[in-house]
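Colleague: I'd like to go through this one with you, feature by feature. Could you give me the general idea each time, then the case at hand?

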Amino acid sequence: FEQALEIKENIFTHFQYGEALFQHEEYEEAKHHFVYCLEHNSQDPRYLIRLAEMANGEGESEQEIAYLKKVFEIDFMELDSEYFFGLLDEKEITQYIEKIASNEQAMNQGSGLNYLAYAYGALGDVDKETKLVMQALQREPEDKGIVRHHIQLAMNNCEWKEAQKLVLQAIETHGFYEPFISQFAEIRYQLGKGLTSYKVIKKMPFTNEEKSMVYTIVADYVQSKLLEHQEEGQPSMRKMLRSSSKFLKVTACTLLYEKAIAANKGFKPAYIGLAHLYEAEGMPEEAAKVLTRLLKQQQSFDVMYNLALFHLQIAEESIREEKHVNRAIAVLEDAVKQYPEEVEGAVLLIRIYLDKDDMEAAHYILEKCVPSNLEKAELYGLKGTLLNRQKRFEESKDVLLQGLLLNDADGEIRLELMKAYVGLQQPKQALDEYSRLLADDEIDNEGKYYATCAYAMIGEYDVAAQLVEEILEKDEEGKYAVLVSEEPFLQNIMEDRQ
């Protein structure tokens, strides 16, 4: 795209470049390209819709509505009417109803009548909404948007059996259409038959690939509802699962996800949904098994990265900690080789090696697997940590100060800088960093330990002694009791304490 723009700058290339950036969530850069398009053609609603979506993501609701109102003036049929009217107040909706109703071309089309129906629905006028939807169906009975609205009316009235009848008819007529499947998922759940939906799905006129998507959409919906109930204080799924091996096999969406995988072994969302279910229920071992199965079907960085995280989570709860940490390392080393451009893999691997106190391995990954010209605060923090462990405090200080230029609010970098200053026996500078961490509420026992050393260096033993008490009170593992007893600067304090 950049090469194309160098040859000739034009709206088409800017828009396609913006779309690519948008899909990769590079919103700030994407915005620049959509603004360029809008400046050179203010009548294309696509640019405004994208800008509205980004404004929504940034929490700028007024700007989002302003963009959408411009789209309405250009061509209101380009807008998601249900969403748009949901953003407006009653007075504004009434004004827009008048504009739509006065558009003769729109009123002669089923889609136009359906659009007007959504406006009345936003006002709470269900009778008028229903009447317009039925008129729209008579005009364009094959329009999927109108059919979906008709089904939604039955759902809004809690007429679940009627809604199921309508949605199954729609699926039979139109085939696979994701909005119908989403409605089907909600309807089945409301009928209390969400977990047995596979009996209906297997009869649907879909390919195996489409059935896999249907199973997954239904399972995702049911899972979201189960987790909602858990948050509301109802018994956790994990407790229910443990109570019955049969329940484990057939409930909690596992069956639906497994049906999706059986229908299409390469359908990634089914594996991800099942892994997420196990993760939410505190079952990382099962989640790891699911992602391991997925990796046998297809390789991807995000799956490998999350599998490594699950192994680390298992390690925290397991007596065989080293075994699971080594599994995480093996997965990440493979990921770093296959996807060298994904720096997050190398960063996590460096952190693991630092936790294992394997300085040589951490240094190797940092030097060989991370681009030297990559300006990222987190990387400066890791370099500083490594240098601190090697007692190269002057070098560490310089590196960490560079990191703070990129992110002044990084508490991890400030803590490492505090350590470097203590190592250089520059207590006043160390305490400056301690004050900043306190102000940002990012202080823990580690920070207090280095603050204690700094206060002792400048002779403020009373403050240091008070911090020692605070540290030891929260030192459940006894780690800091050892450090404090071995620190020369704190020898007098510990003797007094004894």
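Colleague: Which residues lie nearest the centre of the largest pocket?

Modeller: Keep in mind that this is a predicted model. With a pocket, start from the lining and pick out what sits by the middle. Here 31 residues line the largest pocket, and Arg-389, Lys-419, Glu-446, Tyr-450 and Lys-479 lie nearest its centre. The elements giving two or more residues to that lining are α23, α25 (377-389), α27 (411-423), α29 (445-457) and α31 (479-486). The space inside comes to about 1,100 Å³.

Colleague: How do the lining residues of the largest pocket divide into nonpolar, polar and charged?

Modeller: Sort them by class: 12 are nonpolar, five polar and 14 charged.

Colleague: And which elements each supply at least two residues to the lining of the second largest pocket?

Modeller: Those are α21, α22 and α23. The largest share, four residues, comes from α23. This pocket holds about 320 Å³ of space. Its lining includes Leu-312, Glu-322, Val-325 and Arg-351, and by class it has five nonpolar, no polar and six charged residues.

Colleague: Let's turn to α22. What span should its 18 residues have?

Modeller: The idea is to count the steps between residues, one fewer than the residues themselves. At 1.5 Å a residue, α22 (residues 321-338) should span 26 Å, and its end C-alpha atoms are 26 Å apart, so the two agree.

Colleague: Which residues of α22 are buried?

Modeller: They are His-324, Val-325, Ala-328, Ile-329, Val-331, Leu-332, Ala-335 and Val-336. Next, look for what covers them: α21 (301-317) and α23 (343-355) are included there. Val-325 also belongs to the lining of the second largest pocket.

Colleague: On to the nonpolar packing. Which residues have the most contacts inside the largest core?

Modeller: Phe-84, Phe-85 and Ile-151, in a core of 125 residues. To see how such a residue packs, list its partners farther along the sequence. Leaving out residues up to four places away, Phe-85 touches Ile-93, Tyr-96, Ile-100, Tyr-115, Tyr-118, Ala-119 and Ala-122. There's also a second, separate core of 29 residues, with Ala-430, Leu-437, Tyr-455 and Leu-490 among them.

Colleague: Last one, backbone angles. Where is Glu-25 found?

Modeller: First, the general idea: most residues other than glycine have a negative phi. Glu-25 is in the loop between α2 (11-23) and α3 (27-40), and its phi is positive, about 65 degrees, although it is not a glycine. Glu-25 counts as exposed because its relative accessibility is 57%, and the cut-off is over 50%. Gln-425 also has a positive phi, about 55 degrees, and lies in the loop between α27 and α28 (427-439). At 54% relative accessibility, Gln-425 counts as exposed too.

Key: Residues numbered from 1 in each chain as written. Predicted model: local features only at pLDDT ≥ 70, side-chain atom pairs only at ≥ 80, totals over all residues. Heavy atoms only, no water. Buried < 20%, exposed > 50% of the residue type's maximum accessible area, 1.4 Å probe, protein only. Contact = heavy atoms within 4.5 Å. Core = buried A, V, L, I, M, F, W, Y, C linked by side-chain atoms within 4.5 Å. 1 Å grid on protein atoms, 1.4 Å probe; cavity = no way out; pocket = protein on both sides within 12 Å on 5 of 7 lines; lining within 4 Å. Points joined across faces, edges and corners; volume = space filled by probe spheres on them. Nonpolar A, V, L, I, M, F, W, Y, C, P; charged D, E, K, R; others polar.
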